Amino acid sequence: GINAEYGYIGATEPIREAIKNNDCEKSQVTAWKAVCPLVSALNTYYQYSIELDKQVVELLNVLCSEPPMESLENHQALAKLFAIILDFVLAFDDLKMTNPSIQNDFSFYRRMRNRVKAYSEAEEHEISNEVANRMSMFYAYPTPMLKMLSSSVTAFVQKNQALPLENTTDIFSTMANLCRCMIEDPQIVARFQQKETVLFVLRVMVGAIILYDHVHPVGAFYRKSNIDIKSSIKLLRDQPANTVETLLNALRYSTLHASDEETPSVVKKLLAE
């Protein structure tokens, strides 16, 4: 399944054998046994996304109740929890984008369900048709967790129109700028005890930029945006090769305004490189 480091080892080989030997019941059963625990793990993460959706709304209710600097100062533990959620979301979607096995395994599972009703193993991993349909829609997105999170934040803003929009957007822009400044400062980076901390901070930065872009009327790429988007992209480009390509892809494809006419050409060029 999916381990703590978000590694995913799919059932590619057993599925290939089952498709090649379509009339061989043994191959079908072997592939089914291989794919069921994987789908069970995918269901666990799908259910977790539903819980995250609720938790994010509760966090935002508190974090967006005050001006951003006050809020981040007064609710440091909640701000850290929100940062951990952003890190998880970006890390999970990194895995999803780089592992076609996830969708292939789930597609095979759905095709095989009716064929294997007679197998005793079917009941153990039974997922209702309704849940399977929702999972299918969830995993159809290249970045499913980010899609859930951005939808959740957008819904929060729409439901809380009495709350100044700046309280929400400024939380995200402040987090994004703080993260960028941390990584730009060699003295701060030198104090990190684990090298993974740099990637954690970069994920939080990118997650905050994307959420800002989804809820701010003109987005994060506008020339007068509260986020220094040009410096943020340059910072990502300065990282070791292949470590942040999925984060750059998230900015390219999971934002709403990156390709707007108003987005400065220099920013578009940086993203396109």
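The structure is a predicted model, in which local features need pLDDT of at least 70 and side-chain atom pairs count only at pLDDT 80 or more, whereas totals for chains, interfaces and linings use all residues. Residues are numbered from 1 along each chain as its sequence is written, and side-chain values use heavy atoms, with hydrogens and water left out.

The protein chain contains 14 helices and 0 strands (helices are DSSP runs of H or I of at least four residues, strands are runs of E of at least two, and both are numbered from the N terminus). Read from the N terminus, the order of elements is α-α-α-α-α-α-α-α-α-α-α-α-α-α. The C-alpha trace spans about 60 × 40 × 40 Å along its principal axes. Of the 273 residues in the chain, 48% are buried (buried means under 20% relative accessible area, exposed over 50%, and partly exposed in between, with a 1.4 Å probe and protein chains only). Among contacts between residues at least 6 apart in sequence, 72% join residues at least 24 apart (contact means heavy atoms within 4.5 Å).

On a 1 Å grid over the protein atoms alone, a cavity is a set of points where a 1.4 Å probe fits but cannot get out, a pocket is an open set with protein on both sides within 12 Å along at least five of seven lines, and lining residues have an atom within 4 Å of a point. The second largest cavity holds about 30 Å³ of space (a volume is the space filled by probe spheres set on the points, which are joined across faces, edges and corners). Its lining is formed by L90, D93, D94, M97, T143, T246, L247 and A250. Two or more of these residues come from each of α4 and α13 (245-253). By class, the lining has 4 nonpolar, 2 polar and 2 charged residues (Ala, Val, Leu, Ile, Met, Phe, Trp, Tyr, Cys and Pro count as nonpolar, Asp, Glu, Lys and Arg as charged, and the others, Gly among them, as polar).

Helix α4 also packs against another helix. The axes of α4 (residues 76-98) and α11 (residues 196-215) come within 8 Å and cross at roughly 90° (axes are lines fitted to C-alpha atoms, for helices over the stretch in contact, and angles run from 0 to 180 degrees between N-to-C directions). The two helices, α4 and α11, are therefore roughly perpendicular to each other (65 to 115 degrees; under 35 counts as roughly parallel, over 145 as roughly antiparallel, and the rest as oblique). On the α4 side, the contact is made by F82, A83, I84, L86, D87, L90 and A91, and on the α11 side by F200, R203, V204, V206, G207, A208 and L211. These residues divide into 11 nonpolar, 1 polar and 2 charged.

The largest pocket has a volume of about 560 Å³. It is lined by 17 residues, of which A79, K80, A83, L178 and M182 are the closest to its centre. At least two lining residues each come from α3 (68-74), α4, α9 (165-184) and α11. The lining comprises 13 nonpolar, 2 polar and 2 charged residues.

The second largest pocket has a volume of about 220 Å³. Its lining consists of Y46, S49, I50, D53, M137, F138, Y141, P144, K147, M148, S151 and S152. Helices α2 (25-63), α7 (129-140) and α8 (144-159) each give two or more residues to this lining, and α8 gives the most, with 5 residues. The classes of the lining are 7 nonpolar, 3 polar and 2 charged residues.

T174 lies in helix α9 and, at 15% relative accessibility, counts as buried. Apart from its neighbours within four places in sequence, T174 is in contact with P68, M69 and L72. Q28, in helix α2, is buried as well, with a relative accessible area of 2%. The C-alpha atoms of Q28 and S231 are separated by 52 Å, and the two residues are 203 residues apart along the chain. A190, in helix α10 (residues 186-191), counts as exposed at 65% relative accessibility. A190 and P67 are 123 residues apart in sequence and 31 Å apart in space, C-alpha to C-alpha.
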